[in-house]
Amino acid sequence: MADGPKTLLEAVEYFADEQNCIQYLATKRWPDGVAVCPTCGSTKVSFLANQKRWQCSARHPKRQFSIKVGTIMEDSPIGLDKWLPVLWLIANCRNGVSSWEIHRALGVTQKTAWFMLHRVRLAMQDAKKSGKLRGDVEVDESYIGGKARNMHKSRKLKALQDKGGGMLERSPFRESLNAAVTSALV
Ligand SMILES: [Zn+2]
C-alpha cells in the first residue's frame, strides 16, 4: 500500500498487522531504507525479525530499539495498531477528531484516546515552533481533542458539527497538517 490506507476501515485493517505498521513507519522514518540507531546515529544496525526490533552494532545502552523509540509513541503501552489509525484519522478527517470519536471508532478508552491526542498536540506545537508547521495555521485545541472532552454530550455533538470543514478545506492547512503528523512520527 504505497500511498497508505484510503479509508478508516482500510487503515484499521492494514494496521492490525504489526509487520505492516513497522514497514509503514520505517519507510516514513528512513525513506532511503537505511535504519539509523536513535542513540548513536550509526547505520550499522540489523533487524531482529523475531523480536521486531533493531540492534545497533555499537556497544552502548539501549542498543536494541523498536520503531517507537524516538517518536511520540515511545514509552506508551499503546500498540501500533491503535496509534497508526489515530494518526491516520488526524491527518485525514477534515472536521477534526475528538477523543470521544477515537474512543468510539477504535475501541480504546477515552482516557487512552485523550493521551494519544495530547502527545500529537505537543508534537504539533513543537513542529509549529520549529517552523515545520506554517505560521498562519492555528492549531485549534478543539480540532484535536482537548476541550471537547469536558463538554456535556449534547454540546459536544453540536461543537463537533459546528466546527465544520472550512479551515481544513484550505489545502495549505492540510499539507501542513500532514507534514506535522508525519513529523510527529519521528
Ligand atoms: Zn547505536
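This is a predicted model: local features need pLDDT of at least 70, side-chain atom pairs count only at pLDDT 80 or more; totals for chains, interfaces and linings use all residues.
On the side of helix 1, the contact involves Leu8, Ala11, Val12 and Phe15; on the side of helix 3, Leu80, Asp81, Leu84, Pro85, Trp88 and Leu89 take part. By class, this contact of helix 1 with helix 3 has nine nonpolar residues, one charged residue and no polar residues.

Helix 3 also packs with helix 2 (residues 18-29), the axes coming within 10 Å and crossing at roughly 50°. Helix 2 and helix 3 are therefore oblique to each other, and their crossing is left-handed. Glu18, Cys21 and Tyr24 of helix 2 make the contact with Leu80, Asp81 and Leu84 of helix 3. Four nonpolar and two charged residues, with no polar ones, form this contact of helix 2 with helix 3.

The strands form a hairpin. Strand 1 (residues 45-48) and strand 2 (residues 53-56) run antiparallel and are joined by four bridges. Leu48 stands opposite Arg53 in strand 2. Four residues lie between the strands of this hairpin, in which Lys52 takes a positive phi near 55°.

Notes
Residues are numbered from 1 along each chain as its sequence is written. Two residues are in contact if their C-beta atoms, placed from the backbone, lie within 7 Å. Helices (H or I, at least four residues) and strands (E, at least two) are DSSP runs, numbered from the N terminus. Ala, Val, Leu, Ile, Met, Phe, Trp, Tyr, Cys and Pro count as nonpolar, Asp, Glu, Lys and Arg as charged, and the others, Gly among them, as polar. Two strands pair if DSSP finds at least two bridges between them. Axes are lines fitted to C-alpha atoms, for helices over the stretch in contact, and angles run from 0 to 180 degrees between N-to-C directions. Angles under 35 degrees count as roughly parallel, over 145 as roughly antiparallel, 65 to 115 as roughly perpendicular and the rest as oblique. A crossing is left-handed if the near helix is turned anticlockwise from the far one by less than a right angle, and right-handed if clockwise.
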